[in-house]
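Open the model in your viewer and keep the selection tool ready.

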Amino acid sequence: MTLESEILPDLTLAKLSGQVDTLTAAELEMKLGDLAEVTKRALLVDCSDLTYINSAGLRVFLIVAKKMETAGGLCAFCSLTPNVRLVFETIGFDRILKLYENRAVALEQIAPPQAQAA
């Protein structure tokens, strides 16, 4: 599991790659939690290279999304691979978390123009 991030004025982009399972969920929770702390308005997690996620990883997504929501921000996810999307849909996360088809659509919906230009 790798997580690369880019902090923009009103938006933090996080690109998640590899597998998130019981062994890597704690590391993901720490890294996404840290990003949520410094994010002012929105955290977008690009899952285009996420190949597998289990319940431990989904728990992390939910914790971070709730943390952002409590602080008045937004945590959204984009570019889910078919397998990851199936997991989201099976447990109903597609109804409780904000999902976008791809990064471009997400940025258009949640990022102000100056964030997109960076």
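Which residues in α1 meet which residues in α2? Select A25, L28, E29, L32, G33, A36 and E37 in α1; they meet A56, G57, R59, V60, F61, I63, V64, K67 and M68 in α2. Contact means heavy atoms within 4.5 Å. These contact residues divide into 10 nonpolar, 2 polar and 4 charged. Gly counts as polar here.

A word on the model. It is predicted, so local features need pLDDT of at least 70 and side-chain atom pairs pLDDT 80 or more, while totals for chains, interfaces and linings use all residues. Residues are numbered from 1 along each chain, and side-chain values use heavy atoms, without hydrogens or water.

The crossing of α1 past α2 is right-handed.

Next, the core. Select L32, L43, V45, F61, F77 and F88: they have the most contacts inside the largest nonpolar core, which has 29 residues. A nonpolar core joins buried residues (under 20% relative accessible area, 1.4 Å probe) through side-chain atoms within 4.5 Å. The largest share of this core, 7 residues, comes from α2.

Zoom in on L43. Beyond its neighbours within four places in sequence, L43 is in contact with T12, A14, L32, L35, A36, V64, M68, L74, C75 and A76.

Last stop: a second, separate core of 12 residues, including L44, A76, Y100 and A106.

Notes:
A crossing is left-handed if the near helix is turned anticlockwise from the far one by less than a right angle, and right-handed if clockwise. Helices (H or I, at least four residues) and strands (E, at least two) are DSSP runs, numbered from the N terminus. Buried means under 20% relative accessible area, exposed over 50%, partly exposed in between (1.4 Å probe, protein chains only).
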